[in-house]
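This briefing goes through selected local features of one structure, grouped by topic. Please keep the sequence and the coordinates open while reading.

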Amino acid sequence: ARRYSAACSRNAKMATDLGELLVPYMPTIRVPRTGDRVFKSECAFSFDSPESEGGLYVCMNTFLGFGREHVERHYRKTGQSVYMHLKRHVKEKATGAAGGAIPRRRNGKVFLDLELNRDFNGDDYEYEDEAKLVIFPDHFEIPLPNIEELPALVTIACDAVLNAASAYKKQEPESWDEEIQVSRHARSLRQLDNGVRIPPSGWKCQKCEMRENLWLNLTDGAVLCGKWFFDGSGGNGHALEHHRETSYPLAVKLDTITPDGADIYSFEEEEAVLDPHISDHLSHFGIDMLQMQKKTENGHHRENNSRPRVSEWEVIQESGMKLKAVFGSGYTGIKNLGNTCYLSTVMQVLFSIPDFQRMYVGNLQRIFDYSPLDPSQDFATQMAKLGHGLLSGQYSKPPMKSELIEQVMNEEHKHQQKGVSPRMLKALVSRGHPEFSSNRQQDAHEFLLHLINLVERNSAGSENPSDVFRFLVEERIQCCQSRRVRYSQRVDYCIQLPAPMEAAINREELLAYETKRKEAEENIQPLPEPVRARIPFTACLQAFTEPENVPDFWSSALQAKSAGVKTSRFASFPEYLILQIKKFTFGVDWVPKKLDLAIDVPDFLDLSLRATGLQAGEEELPDLMPPIVLPEDTRDDPVYEQLKDPEAPEIDEAAVMQLAEMGFPLEACRKAVYYTGNMGPEMAFNWIIAHMEEPDFAEPLTLPSMMDSGPSTSDSVMGATPLDPNSPPEESIAILTSMGFPRPHSISALKATNNNLERALDWIFTHPEPEESEALSDMADTEPNDNGFSNANSHSDATLSPDRDTTGPRIKDGPGRYELFAFISHMGESTMSGHYVCHIKKEGRWVIYNDHKVCLSERPPKDLGYIYFYHRLSS
């Protein structure tokens, strides 16, 4: 009794002490509300997790997670002292444990959805989870749960954090398997013995010739089109009509059949269902799922049609070879979060480039120290985090010798790294994007350009690593009738090479295959083995440089529409050259489809495609724009009246009156509203404050007339207007200059962004105006001409006018001699499906990056790549 009383006394004293200890921090402890994200699975600055040696610290105010190396930084920056420390102890099960045993856990709900952290042989491990409160800076620890000893608010907050789903759990797609039930018709389904056999391709609806959204009735083998079934597909409803006539209950969607199952619909139950006997039901019509399973082992593509598609997966992934895993700095894999291999391959290549390494990993501490209060929403922080994860070697450590011996003795699989998980970066860079924010497969080329754009926008006032990709393309347009030409230049980051199928060296084989394929489809017979087109790389380059027709070309020399042709050349060569092979085209259903081809891409490239500019004997097209022609029924439209009178611009009169009521001159208010693009009275007010001291502040708004833009020349014709084709609209220039930006810098921004005002503002902030001496120096370094492009032979004026672009885009021109150092390959039939891997040449050897797996490459499939990366050779 005395011992019990003493224990109660100690507990009461401890409760009092803990309560008093937490009193100063109570205002900083919050209970997660609806919408709060709890980052309890990953550090904001690193890939530390509760399974890491130091565990994870979750701030009890912001609910951000931090590894042991980074929690002190957050404490110093915010003064937040109370953190919840989460630690998962992973232990291998004892030898001889029952195969189906449930892993033993303590505090089973602590990490909730973190069971997915350990992907490999998860059943061979058991977990012990622990949580405790840690108070900084003294690191005072309070074990959890500790309900009796903690204040009620703290107990509620801790319980809410422990039971909250991890921040990205809600973004993962919910599994339909939990909702779909087994059909009551599956076991007793009657199938007609009518001899119907379904070919592997060439299907079409038996009633309307439709070739998309086709459903196979599992009773009689009828192939019919659907009508807005559970997956939202459209059609003419013949499958449903057939059910109403026959009462046959189940149908399977033909293009969803894989060794793992298929999409099945029950007409009577009016919902998607499961059929445990689907393999038997399909074999009744000649579809052998067991044979499909054999073809898809060892990582091959899971499709039921063509063998070369399987071969493509074999060759690109080097499946049949014993590849040696590599570990350490630069050899860290990236975990696939579900159709995120397009992101993984792009990031692996970018962080093999020194400029990206220097920008994000070289400046790691500065980026982390100056990161905002929520680093999960900062682009530079998340790029630095991923770059450090890939290059540090911290997450790619080779197995210990004892582990290797144990694996050999147990005949277990070889050791594989888990790879880093780019959840935070994926959520950040895809936010607001309709495609990348989804969980579907995407085009790696489109994502690469999207990421380069984000790098540009987030490199204000600092080094821009994407400068290494930027180059200028010279476009030459010639009027076929007058033979006059016009030269222009544009910025680009990637060259898209056509794949001319007509140039294939095995063209006869392709024609023979196409003939056999059509015969097989007409006779409903198995398709012949497809033939892959082999195209020389020189043919791709030639197709790129060949003239192409310009649709709806208006010749300023003829003052009428005419035939025009365009050719493209390099006005500058980038430091790193990106080549994309145009393998994808659109089918009749507007779904991208991939051409099956191989190109002998060289290791070394010497491009002789330097632009030449205006040549002797060439005559330029006049700088005139087409006259504005309106349909007859719009002649009385107010817009037409405004076009006739360019002195009467569109102005938001309500905003004008709102400013005038403040006491400003009416004409000044009209100018303010006009020059800020009718963006509201607040923007106009800022313009007024900035221009009040100007002598013409209260003068009436005057705009240069379109017809008075310059003196007439011998080329001028009534109805045409002299216009510099490279000059942005004067209204856009006026809006930017009214905001205080210099006129030359505003013109440069508009030119670089195709006259998009919003993007031009971003460009100005990410491209600070150089000092005059620096600008002149840059021009000297890049062979100056009238528009700042690095083309020594381009036509130039004797003097630079004030409107000339003296800055231009930053480029790193040099010789066009390159060496291949990386390529990204795609497997599958379109960019909307399949899988990406990349090969990168490091330390003189090719390495394959296949999600989390990183191995030495034995036979890099350079001829099957999709995007190729070259670096310039030093002279």
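A residue is called buried when its relative accessible area is under 20%, exposed when it is over 50%, and partly exposed in between. Arg 470 has 2% relative accessibility and therefore counts as buried. The model is a predicted one.

**Arg 470 and its surroundings**

- Arg 470 sits in the loop that runs between helix α14 (444-457) and strand β12 (471-479).
- Its side chain makes a polar contact with the side chain of Glu 456 at 2.5 Å, and another with the side chain of Tyr 493 at 3.2 Å.
- Tyr 493 is 23 residues from Arg 470 in sequence, while the two C-alpha atoms are 4.8 Å apart in space.
- Beyond its neighbours within four places in sequence, Arg 470 is in contact with a set of residues that includes Asn 464, Val 491, Asp 492 and Pro 574.
- His 767, Pro 809, Arg 810 and Ile 811 are also among the contacts of Arg 470.

**Helix α4**

- Helix α4 spans residues 238-246, and His 238, Ala 239, His 242 and His 243 are buried in it.
- These residues cover an arc of only 145° around the axis, so they lie on the same side of α4.
- In an α-helix there are 3.6 residues a turn, so residues three or four places apart point the same way.
- Arg 244 and Glu 245 are exposed on the other side of α4.
- The cover over the buried residues of α4 includes strands β7 (214-217) and β8 (223-225).

**Helix α8**

- Ser 344 is located in helix α8, residues 341-350.
- With a relative accessible area of 4%, Ser 344 is buried.
- When residues up to four places away in sequence are not counted, Ser 344 touches Ile 334 and Lys 335.

- Phe 685 belongs to helix α20, residues 681-691.
- The relative accessibility of Phe 685 is 31%, so this residue counts as partly exposed.

**Salt bridges**

- The whole structure contains 30 salt bridges.
- Arg 30 is bridged to Asp 36, with 3.4 Å between the closest N and O atoms.
- Arg 30 is partly exposed at a relative accessible area of 22%, and Asp 36 is partly exposed at 22%.
- A salt bridge of 2.8 Å, N to O, joins the side chains of Arg 670 and Glu 653.
- Because Arg 670 lies in helix α19 (residues 666-675) and Glu 653 in helix α18 (residues 653-660), the pair ties together parts that are 17 residues apart in sequence.
- Arg 670 counts as partly exposed at 23% relative accessibility, as does Glu 653 at 39%.
- Arg 845 forms a salt bridge with Glu 843, and the closest N and O atoms are 3.7 Å apart.
- Arg 845 is partly exposed, at a relative accessible area of 33%, whereas Glu 843 counts as exposed at 67%.
- A network of salt bridges links Asp 355, Arg 358, Glu 463, Glu 575 and Lys 812.

Notes
Residues numbered from 1 in each chain as written. Predicted model: local features only at pLDDT ≥ 70, side-chain atom pairs only at ≥ 80, totals over all residues. Heavy atoms only, no water. Helix = DSSP H or I, 4+ residues; strand = E, 2+ residues; numbered from the N terminus. Buried < 20%, exposed > 50% of the residue type's maximum accessible area, 1.4 Å probe, protein only. Contact = heavy atoms within 4.5 Å. Polar contact = N/O pair within 3.5 Å; in protein donor to acceptor, adjacent residues only side chain to side chain. Arc of directions from axis to C-beta. Salt bridge = Lys/Arg side-chain N within 4 Å of Asp/Glu carboxyl O.
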